[in-house]
Amino acid sequence: MAPDTSTQIHNIGYRSYDGARLGRSYARKSLFSQSLRGAYGLGRSAKSKVLPMILFAVMCVPALILVAVAITVPGSTELPIKYTTYALTTQVVIGLFLASQAPQSVSRDLRFKTVPLYFSRPIERVDYVVAKFAAMASALFILTATPLLIMWIGSLLAKFDFGDQTKGFGQGLVSVLLLSLLFAGLGLIMAALTPRRGFGVAAIIAVLLIPYGAVTAVQGIAYSTGNTGAIDWMGLFSPITLIDGIQTAFLGATSAFPGGEGPTAGTGFVYLLVALGLIAGSYAALMARYRKAGL
Amino acid sequence: MTVIATESLSKRYPRVTALDRLSLDIGPGVTGLVGANGAGKSTLIKILLGLSPATEGSAAVLGLDVTTHGSAIRERVGYMPEHDCLPPDVSATEFVVHMARMSGLPPTAARERTADTLRHVGLYEERYRPIGGYSTGMKQRVKLAQALVHDPQLVLLDEPTNGLDPVGRDEMLGLIRRIYTDFGISVLVTSHLLGELERTCDHVVVVDGGKLLRSSSTSDFTQSTATLAVEVTDSDEHPDGTAALRKALTGVGLTLHAGEEQGLPGAGHVLLVEATGDQTYDTVRDTVADLGLGLVRMEQRRHHIAEVFRDNDQSVPGGQPVPGGQPVLGDRPVHTAQQKGAGSDGA
């Protein structure tokens with residue numbers, strides 16, 4: 001009689017792995033998706049989902065209200081605000097999201113010394129930096145582009161002019177893409193400088209808000225003293241006014257600068273150079289940071 | 001087959017020479033890398049993982065050159081760092097799955113291998129809880145699991161017994177032994193404790209100041225002479241049985257060691273006798289019987305690696321064998337007095 005195998009307990013011992021090893025690019029993609037999901041608290045504890053999800057909702061609700069207003073108010077032909085204005089008016093929410101999630105993404109690895117474990121695997125320093133940078137920028141892009149998508153769909157439901165709306169939507173997307181890259185770079189650098197999460201949060205808020213406050217104040221003074229030429233150049237010194245200047249010059253946005261003038265194409269080109277320089281600079285600084293933070 | 005080979009490997013920092021023309025040839029098995037803090041152990045591991053370029057010389061791991069095939073080496077090698085490296089807010093399973101994927105394992109394989117590996121290192125239900133609540137022993141197991149999860153051909157373990165209590169230490173050493181015997185994965189394990197390596201390793205490499213001090217199999221280190229540890233009771237006739245036996249054994253021409261335990265509590269009543277052959281056992285037994293003492297234990301004790309070094313390094317106090325087999329040391333009476341006190345309490 002054959003033994004009843006269903007009741008046997010097998011000690012299968014150690015099994016070696018002969019399957020696929022997908023190497024460096026797969027590891028980089030895995031790190032990217034893990035970091036992107038982590039920015040919204042996915043794959044982390046329930047507690048860490050609360051803040052990013054609330055901020056995401058706070059970003060989307062005004063867009064829904066705008067759409068609702070546009071559809072219900074009779075005779076309206078366009079949305080109450082431009083696509084490019086949306087990110088500027090919600091910059092505090094974007095700043096809070098960055099300040100809470102950038103340290104989560106990089107400070108934890110530094111603080112708990114997990115970084116050497118990454119570098120003892122097939123990925124290299126450049127893979128780690130690129131994956132973290134791309135994940136943070138993507139998280140910000142999702143945060144800033146989703147309300148624009150809601151507005152665009154709403155405008156189509158309201159039967160506004162398709163061409164106009166799509167053009168505005170496209171301009172808005174380019175603007176928030178640039179904003180996402182710039183903010184991600186600045187946020188990650190600030191967060192990577194300190195293993196302490198609290199310092200990272202404070203540093204990011206400081207970098208976003210203090211220059212903005214200073215620039216706005218100086219611009220206000222320049223405007224009230226009639227020195228309007230200085231207003232354009234002042235905008236170079238804070239991240240959000242940099243984006244404001246670029247989209248005013250190239251993307252048909254209405255500037256939030258005092259007087260509403262904003263830079264011309266010539267000055268705007270300087271704005272663009274500064275923004276791209278900051279993005280490249282923060283990437284280079286991150287690479288330098290992890291040269292030291294390795295094993 | 002050679003697992004690790006280095007050829008006059010040197011690493012110089014502006015002010016420090018971390019490795020100085022180190023040439024090694026390490027085969028499969030468990031190899032201990034011994035050295036004091038700052039002897040160059042961690043620098044060597046960094047170079048072997050292809051993360052830090054050597055100033056001169058060459059190194060190959062699993063037949064792959066470290067300067068050109070760093071990524072390929074790191075796919076086949078596991079690394080367990082000395083320091084804490086675990087985020088406290090995720091569970092062991094989540095963490096090890098992530099690390100498996102970072103080693104290139106597809107998602108399904110990463111989950112299966114994680115479950116297997118955590119079971120092999122001895123983590124069961126607790127693997128679903130956040131790592132922050134783990135004991136040091138459990139954390140060390142998670143660190144070991146992330147080094148093994150991608151089924152490497154070689155693991156580099158940096159001070160795996162750091163911070164563990166004696167039981168945890170024994171379990172970890174047993175686990176390290178199994179990594180080679182059961183899993184077939186070669187191991188390079190660093191430590192500054194010789195005693196634990198001699199029980200675990202097939203081969204021991206000693207580095208000091210970036211130079212190779214000695215490289216040989218563990219049996220070479222310990223086989224030179226066998227030592228018998230003898231412990232006897234006291235009797236009314238001989239209130240200090242140990243002293244009486246020492247006198248008697250010296251009288252019949254046996255050589256007594258001052259062992260490693262010298263100066264430790266309890267060392268006073270263990271005599272270390274050099275065993276020259278089977279007749280030594282008989283001599284000890286007969287001598288004890290003649291004195292009318294109780295023989296508590298007589299066990300074979302291998303030479304400790306440390307003693308080999310003490311022989312070479314005469315500057316270590318209290319450790320060198322006393323010439324002429326007369327282990328008369330100044331602090332002996334103190335120990336004897338303590339023993340007698342303890343003995344009478346028990347009686």
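This is a predicted model: local features need pLDDT of at least 70, side-chain atom pairs count only at pLDDT 80 or more; totals for chains, interfaces and linings use all residues.

Reader: Where is Thr2(B) found?

Author: In the segment before β1 of chain B, and that strand covers 4–12.

Reader: Thr2(B) and Asp25(B): how many residues apart in sequence, and how many Å in space?

Author: 23 residues along the sequence. From C-alpha to C-alpha, the two are 6.7 Å apart.

Reader: What joins their side chains?

Author: A polar contact of 3.3 Å links Thr2(B) with Asp25(B).

Reader: Why does Thr2(B) count as partly exposed?

Author: Because its relative accessibility is 33%. Partly exposed lies between buried, under 20%, and exposed, over 50%.

Reader: OK, sheets. In what order do the 4 strands of the open sheet in chain B come?

Author: β2-β1-β4-β5, with antiparallel pairing. β2 (17–26) and β5 (64–65) of chain B are the edge strands. Each has a single partner strand, so one side of each lacks a neighbour in the sheet.

Reader: Over how many bridges do β1(B) and β2(B) pair?

Author: 6, in the antiparallel sense. As an example, Thr6(B) has Leu24(B) in β2(B) as its bridge partner.

Reader: What packs on that sheet?

Author: α1(B) does, touching β1, β2 and β4 (56–61) of chain B. The direction of α1(B) makes about 115° with that of β1(B).

Reader: And the open sheet with 6 strands in chain B? What's the order?

Author: β6-β7-β8-β3-β9-β10, and here the pairing is mixed. At the edges stand β6 (77–80) and β10 (211–217) of chain B. Each has a single partner strand, so one side of each is left without a neighbour in the sheet. From one strand to the next, the twist averages 15°.

Reader: β3 and β8 of chain B: parallel or antiparallel?

Author: Parallel. 5 bridges join β3 (residues 30–34) to β8 (residues 186–191) in chain B. Val34(B) stands opposite Ser191(B) in β8(B).

Reader: Which strands does α1 of chain B touch there?

Author: β3, β6, β7 (154–158), β8 and β9 (203–208) of chain B. α1 spans residues 41–48, and its direction makes about 150° with that of β8(B). Then there's α6 (residues 166–181) of chain B, lying across β3, β7 and β8 of that chain. α6(B) runs at about 155° to β8(B).

Reader: Now helix on helix. At what angle do α5 and α6 of chain B pack?

Author: About 10°, with axes 12 Å apart. That angle makes α5(B) roughly parallel to α6(B).

Reader: Which residues meet?

Author: From α5(B), Gln140(B), Arg141(B), Leu144(B) and Leu148(B). From α6(B), Glu171(B), Met172(B), Leu175(B) and Ile179(B). The contact divides into 5 nonpolar, 1 polar and 2 charged residues.

Reader: Switch to chain A. How do α8 and α10 pack?

Author: At about 65°, with their axes 7 Å apart. α8 is residues 197–224 of chain A, and α10 is residues 239–250.

Conventions. Residues are numbered from 1 along each chain as its sequence is written. Chains are lettered from A and ligands numbered from 1 in the order in which they are written. Side-chain values use heavy atoms; hydrogens and water are left out. Two strands pair if DSSP finds at least two bridges between them. Helices (H or I, at least four residues) and strands (E, at least two) are DSSP runs, numbered from the N terminus. Axes are lines fitted to C-alpha atoms, for helices over the stretch in contact, and angles run from 0 to 180 degrees between N-to-C directions. Contact means heavy atoms within 4.5 Å. Buried means under 20% relative accessible area, exposed over 50%, partly exposed in between (1.4 Å probe, protein chains only). A polar contact is a pair of N or O atoms within 3.5 Å; within protein, one must be able to donate a hydrogen and the other to accept it, and residues adjacent in sequence count only if both atoms are side-chain atoms. Angles under 35 degrees count as roughly parallel, over 145 as roughly antiparallel, 65 to 115 as roughly perpendicular and the rest as oblique. Ala, Val, Leu, Ile, Met, Phe, Trp, Tyr, Cys and Pro count as nonpolar, Asp, Glu, Lys and Arg as charged, and the others, Gly among them, as polar.
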